[in-house]
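Work through the exercises below with the sequence and the model open. Try each task before reading its solution.

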Amino acid sequence: MSTGLSKTGLSDAGQSAGLHVLGRLDQVPVGEGRAFGVDGEQIAVFRLRDGSLRALSAVCPHKGGPIADGTIDQALVMCPLHQHSFELDTGCSTTGAGPLRSYPVHADGEGNIILQLP
Ligand code: FES
């Protein structure tokens, strides 16, 4: 991971604050999600139609479905396996499943996806 971080010019302070460079923004098509492995966790990053990003844990709490492959709108992602829905902002389920963890994520000025882990 440190080699990826150094390429993007993140400072040591940034790394200690839990910032991770996941790669180029264009890996995630608009309106879709992609899963990334970060520090042993699977994180689903979504690129909304307004261009903003959201990040949630990538494993559905219902039966382990691939959240990054879910269908999204501006507010919700729906798990592809049994259609439980989760708020993209909070990870809370709107259909009675357990919550997904949500993470701060943004794109930097150079088109890299920056994720913050606690
Ligand atoms: S595994 Fe996601 S809804 Fe069942």
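**Exercise 1: a hairpin**

In strand S3, Ile43 is the bridge partner of Phe36. This is a predicted model, in which local features need pLDDT of at least 70 and side-chain atom pairs count only at pLDDT 80 or more, while totals for chains, interfaces and linings use all residues. Residues are numbered from 1 along each chain as its sequence is written.

Task: state in which sense S2 and S3 pair, and over how many bridges.

Solution. Step 1: helices (H or I, at least four residues) and strands (E, at least two) are DSSP runs, numbered from the N terminus. Step 2: two strands pair if DSSP finds at least two bridges between them. Step 3: S2 and S3 have six bridges, and the sense is antiparallel. Step 4: in general, strands of a sheet pair through backbone hydrogen bonds, either parallel or antiparallel.

**Exercise 2: the loop of the hairpin**

Solution. Step 1: Asp39 sits in the loop between strand S2 (33–38) and strand S3 (41–47). Step 2: the hairpin of S2 and S3 has two residues between the strands. Step 4: a residue is buried if 20 or more other C-beta atoms lie within 10 Å of its own, exposed if 12 or fewer, and partly exposed in between, with C-beta atoms placed from the backbone.

**Exercise 3: a residue in strand S3**

Task: explain why Phe46 counts as buried, and list its contacts beyond four places in sequence.

Solution. Step 1: Phe46 belongs to strand S3. Step 2: Phe46 counts as buried because it has 22 C-beta neighbours inside 10 Å. Step 3: two residues are in contact if their C-beta atoms, placed from the backbone, lie within 7 Å. Step 4: leaving aside neighbours within four places in sequence, Phe46 has contacts with Gly33, Leu53, Arg54, Ile72, Val77 and Leu88. Step 5: Pro29 is 17 residues from Phe46 along the chain, and their C-alpha atoms are separated by 8.5 Å.

**Exercise 4: an open sheet and one of its loops**

Task: give the strand order of the open sheet, then compare Gln83 with Cys79.

Solution. Step 1: the order of the three strands is S5-S6-S7, with antiparallel pairing. Step 2: strand S5 (71–72) and strand S7 (85–87) are the edge strands, as each pairs on one side only. Step 3: strand S6 (residues 76–78) pairs with S7 over three bridges, and Leu76 stands opposite Glu87 in S7. Step 4: Gln83 lies in the loop between S6 and S7, and Cys79 is also found in the loop between S6 and S7. Step 5: Gln83 counts as exposed, with 12 C-beta neighbours inside 10 Å, whereas Cys79 is buried, with 25 other C-beta atoms within 10 Å. Step 6: not counting residues up to four places away in sequence, Cys79 touches Cys60, His62, Gly65, Ile67, Gly70 and His84.

**Exercise 5: confidence**

Task: state the mean pLDDT of the protein.

Solution. Step 1: pLDDT is the predictor's confidence in each residue, from 0 to 100. Step 2: the mean pLDDT of the protein is 89, and 86% of its residues reach 70 or more. Step 3: over residues 1–14 the pLDDT is below 50. Step 4: where pLDDT is low, the predicted coordinates should not be read in detail.
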